[in-house]
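Me: I'd like to learn how to read a few features off a model. Could you walk me through them?

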Amino acid sequence: MHFIKHLSLLPSHFLNSTNQTMTKIFLVLVLLQTLFNILVVASAGNLNQDFDITWGDGRAQILNNGQLLTLSLDKTSGSGFKSKNQYLFGKIDMQIKLVPGNSAGTVTAYYLSSLGSTHDEIDFEFLGNLSGDPYILHTNVFTQGKGNREQQFYLWFDPTKDFHTYSILWNPQSIIFSVDGTPIRQFKNLESKGIPFPKNQAMSIYSSLWNADDWATRGGLVKADWSKAPFTASYRNFNAQACTWSSGSSHCSSSSSSSSPSWLSQSLDATGQERIKWVQKNYMIYNYCRDTKRFPQGFPAECSLA
């Protein structure tokens, strides 16, 4: 049990505060959710049926009768895959185990994206680091070709030791990023305030493992150690309750027999709102909505409205 290790990752000023008991309670809830997500096997089946390997010249493989997918990176090339389906809204889960050891200079990207200059995109990117230093989870949302909405987090566990579930809930009300069932970020639909929201462009799922040592680790100061190659990330238990898009129409799946899937109207409940506050207070390391140097003329409109 790594509960003590989780506590040691918290900032010292928080542990020393009167909120220590509440922090422990939240960590217990998060840990229980993590264990639940590891134990529950997603209902989707063969990764061969869901994804195509798109590049890497043999560095990406689907193994164990479609139950495991691996991406590898060496000095010559990385690798990647793409979903066979396109989606317009959905609750999408993937279990990922990241590159272990010295992963400096590597980026494991897992994201939804449409195509074209006005594309929409929902990003998870995992920025590697030196052995013993934490990964940085980088998130972003693009609408109509415009991104620049970065939020970055440390994780409350070692993402290289085991598989963890990374989820995107995308419905007409909001986009919610979650890790092992714990929400870390929400991007609300604020179209009524003039802010674009991804709702009209179907998106495919992409993932890649690639060399980004010109920027990924400490701004490019730390380069990839190719003597440790090949670097490998692993994927399993993909599950999509989603509206698939084909020939201009969509078909929505649900875990129940109801005509309208529950995820299509799902939002953060009171517990979810408390958890997202906890994560952002203790593990968020960058928020574009607080970067005064980057936005000297004022923050983007969604920062004050959200």
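Predicted model: local features only at pLDDT ≥ 70, side-chain atom pairs only at ≥ 80, totals over all residues.

Me: Which strands does S4 pair with, including S1?

Reply: Strands here are DSSP runs (E, at least two residues), numbered from the N terminus, and two of them pair if DSSP finds at least two bridges between them. S1 (residues 51–55) runs antiparallel to S4, with four bridges, and Trp55 has Gly80 of S4 as its bridge partner. S12 (residues 203–211) also pairs antiparallel with S4, over six bridges; there, Lys82 sits opposite Tyr206. With S13 (residues 231–246) S4 makes nine antiparallel bridges, and Ile96 is partnered by Tyr235. S9 is another antiparallel partner, joined to S4 by seven bridges, with Ile92 facing Ile168.

Me: And the side chains along a strand?

Reply: In a regular strand they alternate between the two faces of the sheet.

Me: How many residues are in the largest nonpolar core, and which of them touch the most other members?

Reply: A nonpolar core is a set of buried Ala, Val, Leu, Ile, Met, Phe, Trp, Tyr and Cys residues joined through side-chain atoms within 4.5 Å. Buried means under 20% relative accessible area, exposed means over 50%, and partly exposed is in between (1.4 Å probe, protein chains only). The largest core has 56 residues, and Phe124, Trp170, Ile175, Ile184 and Phe238 touch the most other members. S4 (residues 79–97) supplies the largest share of this core, seven residues.

Me: What does Trp170 touch?

Reply: Contact means heavy atoms within 4.5 Å. Leaving out residues up to four places away in sequence, the neighbours of Trp170 include Tyr87, Phe89, Ile122, Ile175, Phe197 and Trp263.

Me: How do I read the ring pairs, and how many aromatic pairs are there?

Reply: Rings of Phe, Tyr and Trp (its six-membered ring) pair if their centres lie within 6.5 Å; planes under 30 degrees apart are stacked, over 60 edge-to-face, and the rest tilted. The structure has 16 aromatic pairs. Take Phe126 and Tyr166: their ring centres are 4.8 Å apart and their planes at 70°, so this pair is edge-to-face. Phe126 belongs to S6 (residues 121–127) and Tyr166 to S9 (residues 164–170), so the pair ties together parts that are 40 residues apart in sequence. Phe126 is buried, at 0% relative accessible area, and Tyr166 is buried at 0% too. Elsewhere, ring pairs join Phe51, Phe81, Tyr235 and Phe238 into a cluster.

Me: Is Asn148 buried or partly exposed?

Reply: At 41% relative accessibility, Asn148 is partly exposed. Asn148 sits in the loop between S7 (136–142) and S8 (151–153). A polar contact is a pair of N or O atoms within 3.5 Å; within protein, one must be able to donate a hydrogen and the other to accept it, and residues adjacent in sequence count only if both atoms are side-chain atoms. The side chains of Asn148 and Arg294 make one, at 3.4 Å.

Notes:
Residues numbered from 1 in each chain as written. Heavy atoms only, no water.
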